Amino acid sequence: MAGPPGRRRSGRRRGRGPRRLPAPRRSLARAGAGVGAALLARVRAGTGGVPLRTTVLDGDDEVPHGEVLLRLELHEQPLTDAVLRRCRDLAAAVPPGYEVVQWRGAAPEHLAGSLGRVLGHVLDAPGAGLQLAPRAWDTAAVRRWERAMTGGGDDLLVCAAVTGGAVVAATVLTAGDGPVAEQHDTAVLPGVRRLGLGRLVKAANTLALHRLHPATRTVAVTVNEANLPMLAVNRAVGYTWRRTRLLVLV
C-alpha cells in the first residue's frame with residue numbers, strides 16, 4: 001500500500017553477474033511512503049546491522065543467495081480514457097449513508113482525528129510491520145505526516161469515505177511536476193470492509209488527480225504480493241503489474 005522505493009539498487013539475476021539499476025524517480029523514504037531508508041533502518045535494527053541488499057527482478061522468481069524479506073509488486077495505473085471511465089463508474093457507486101470527501105494538503109479540522117484512526121489501520125496489511133513504524137495517529141501526528149508528505153513541494157491529495165461525520169476509509173496520492181504521481185497508503189476501518197470503499201476512494205482520488213494535474217500520465221504504487229485485497233482493488237481501478245521488487249537480506 002505504499003509507493004515505490006527511492007534508492008539506487010544493485011541486483012543479481014540467475015546466471016549473470018550484478019547489474020546496476022536505473023535510479024528511481026525520487027526518494028520516498030518518508031512517513032508512510034513505503035520501502036526506503038526507514039524500512040532498511042528498521043530491518044537492520046532487527047538483524048544486528050547485517051548488510052542488506054534490495055533488488056528489482058524483471059521476471060525472475062529466485063534469488064541465489066539470501067533471504068527474501070518482502071516480495072513487492074510495482075503497479076502502474078495509466079490515466080487513459082478507458083481507465084478514467086472505469087474510475088468514474090466506480091466513483092459514482094457510493095453506498096447509501098456514505099459520502100466521498102476529497103481535499104488537497106491538510107485535512108479539514110473536523111476530519112483530521114478520524115483520518116488518523118483510519119491511517120493507523122495501514123498496519124493491518126500483510127508485511128506492513130516491516131514497512132511502517134507503529135504510531136499513535138492523533139490529530140497532531142496527522143499534521144506532522146501532512147507536513148512530511150508535502151515538504152518536498154509535492155501536492156498531497158487525499159480522498160475519504162465519510163459516514164456519521166467521520167472518515168472510515170481513505171487513500172493518499174502525491175503529485176509533482178513530472179508525469180508520474182505516487183499512490184501511498186490506502187486503509188479501511190475493519191467494521192466497514194467488503195463494501196467497496198477502497199475501490200471507491202481510489203477511483204475518486206484518481207479523478208481528482210486528473211482534474212488537478214492534467215499533465216500526469218501514470219500513477220505508481222508498490223504492494224506486497226501477499227496483500228490480496230489491495231491487489232484486487234488495484235486491478236479494479238486500472239492498475240497493472242509492471243515488475244517485482246524484492247527486499248533481500250544477504
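Predicted model: local features only at pLDDT ≥ 70, side-chain atom pairs only at ≥ 80, totals over all residues.
Which elements are included in what covers the buried residues of α5? Residues are numbered from 1 along each chain as its sequence is written, and side-chain values use heavy atoms, with hydrogens and water left out.

Helices (H or I, at least four residues) and strands (E, at least two) are DSSP runs, numbered from the N terminus. The cover of the buried residues of α5 includes α3, β6, β7 (166-175) and β8 (180-188), where contact means heavy atoms within 4.5 Å. The buried residues of this helix are A141, V142, R143, W145, E146 and M149; buried denotes under 20% relative accessible area, exposed over 50%, and partly exposed in between (1.4 Å probe, protein chains only).

Side chains of opposite charge can pair when their charged atoms come close. Five salt bridges are present in the structure, a salt bridge being a side-chain nitrogen of Lys or Arg within 4 Å of a carboxyl oxygen of Asp or Glu. One of them joins R143 to E109, with an N to O distance of 2.9 Å. This pair links distant parts of the chain, as R143 belongs to helix α5 (residues 139-150) and E109 to helix α3 (residues 109-119), 34 residues apart. R143 is buried at a relative accessible area of 18%, whereas E109 is exposed at 58%. A network of salt bridges links E109, R143 and E146.

A salt bridge is also formed between D155 and R104, whose closest N and O atoms are 2.6 Å apart. Distant parts of the chain are again linked, with D155 in strand β6 (residues 155-163) and R104 in strand β5 (residues 99-104), 51 residues apart. D155 counts as buried at 14% relative accessibility, and R104 as partly exposed at 46%.

The side chains of E225 and R71 likewise meet in a salt bridge (3.4 Å, N to O). E225 lies in the loop between β9 (218-224) and α7 (228-236), and R71 in strand β4 (residues 67-78), so that the pair, 154 residues apart, links distant parts of the chain. E225 is partly exposed, with a relative accessible area of 33%; R71 is partly exposed, with a value of 23%.
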